[in-house]
Amino acid sequence: MYIRPIKGLTFDDVLLVPRRSSIASRKDVDTSTRLTPSIRLNIPILSANMDTVTESRMAIAMARAGGIGILHRFMTIEQQVREVKAVKRAQGFIIEHPYNIGPDDTIEQARAMMDRHKVGALIVLDESGKLAGLISQRDIMLAPSTIATVRQAMTPRERLITAPPDITVEQARQLLYQHRIEKLPVLDREGNLVGLITARDLIKLIQYPNITTDEKGRLRVGAAIGVTPRERDRAAALLETGTDVIVIDIAHGHADHCIKMLKDLRREFPQAQLIAGNIASREGARDLAEAGADAIKVGIGPGSICTTRIVTGFGVPQLTAIMDSVQGVKDSGRDIPIIADGGIRMAGDMVKALAAGAETVMIGSLFAGCEEAPGAPVLRDGAKVKVVRGMASLGATMDRRRAERSEDESAEDQEDWSKVVPEGVEAVVPYRGRVSEIIHQLVGGLRSGMSYGGARTIRELQANAEFIEITPAGMRESKPHDVQRD
Ligand code: XMP
């Protein structure tokens, strides 16, 4: 038995001491950070891999805002792959397999194809697969009734402006603007079609200045996996589909089977970006770093819907867990980031987590009330709310078991209910509108916090950080007090 001589601290136990600052405006700070050593984010925020928080819609919104969404794993491999594809298709600089049609197909066929795929134009390919032209909705709408085939209505190859595969975003913007066109077929040296650039996608890239994209201009996305043998197939399918980062996510990540999974995946997919967790100790961080993780997710029980600490007696207050994990990574001799997962209720918590050494934070319930989180809002006592549930809650566990055993219908549900020992709760949170608005508030708080800390970067925030432990009276003073709020 051993009792640590220091107290475990969490966000409400401390404040950051203001530092002399040369920052004149909140705009002068840089909120970019590392998700892993090779993936940067413009804002340090991840949406949690929970089934009431992140599916493709949330992941798209997160990447557009400059963070990243981690798709939850409580769905089949096929479903999760579909979710990744939905994010990857949401936008791209170069569309790799644009919809195409033949020159001798009819205008009606072209119209039907555009309607079916909800696109404004089709590439026309001849029998040998070479670019013959481009047909747009406008060509069809304005064509006289004497025009019957695609060939008659299309803009032919010789009148098309095309681009080489190595074109940059800026060059593409210039070409589209100069020629007042909306589509730019991309051809290799032999004249084979390799993709399509559209004005609409470029506008989106410009519209979202912080956007998180991969090397093809597509939104980045992460996806969670478990540690059972079948999860190796899940990882393979996700990586094959272009998932940017895999999160090996189990409740107790400092476990032999998590370390084995990490090592196996590292060996099989040396280039893959692998995050592992959750842990809450120096040794846990060291062991996952040594096993090859590219980032480590920290947090045992700080989450809003977690009951792990009450049910099991285990956990470490989150601020101490972050600081200990940073030390654990140092012990390993590696330089990989820590992700602070759970317990972030407002911007100040995020600033403290980052100042304590985390490079990103993961957020669950704060985002569960957003429009982009799965599920529709419901009315409770006249107010709009959305459901959030711990992934180890009774409902989530039962749903998962049901899905896993869907083939074995003879099994009795009743029996399972009594066997489950939940480590999370189901709850509701206020409906909060678009996630971009919450992120705006969080990042505004971070920028302001960085200026109080005299820090232009998150690294400087960490280097300058001086925490002061506070009393319950100090905490009371920190919140609005002695006024009546409406
Ligand atoms: P917040 O506070 O942002 O926390 O809602 C989200 C994180 O909580 C973790 N999580 C759980 N922890 N039992 C737990 O002990 C659960 O049922 C559970 N579900 C989610 C998870 O790390 C998530 O990112």
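Tutor: Start with M391: one of its polar backbone atoms sits 2.7 Å from a nitrogen atom of the ligand. Before we go on, this is a predicted model, where local features need pLDDT of at least 70 and side-chain atom pairs need 80 or more, while totals for chains, interfaces and linings use all residues. Residues are numbered from 1 along each chain as its sequence is written, and side-chain values use heavy atoms, with hydrogens and water left out.

S304 has a polar side-chain atom 2.7 Å from a ligand oxygen, and D341 places a polar side-chain atom 2.5 Å from an oxygen of the ligand. On its own the ligand has 530 Å² of accessible area, and the protein covers 89% of that (Shrake-Rupley method, 1.4 Å probe). Around the ligand there are 21 residues, and C306, T308, D341, A392 and E423 come nearest (a residue counts as near if one of its heavy atoms lies within 4 Å). By class, this shell holds 8 nonpolar, 11 polar and 2 charged residues (Asp, Glu, Lys and Arg are charged; Ala, Val, Leu, Ile, Met, Phe, Trp, Tyr, Cys and Pro are nonpolar; the others, Gly among them, are polar).

Now for something else: the second largest pocket, with about 1500 Å³ of space. A pocket here is an open set of points on a 1 Å grid over the protein atoms alone, where a 1.4 Å probe fits, with protein on both sides within 12 Å along at least five of seven lines; lining residues have an atom within 4 Å of a point. The volume is the space filled by probe spheres set on those points. Its lining has 47 residues, with I95, V119, L196, T198 and D201 nearest the centre. Sorted by class, that lining is 19 nonpolar, 10 polar and 18 charged.

Technical notes:
A polar contact is a pair of N or O atoms within 3.5 Å; within protein, one must be able to donate a hydrogen and the other to accept it, and residues adjacent in sequence count only if both atoms are side-chain atoms.
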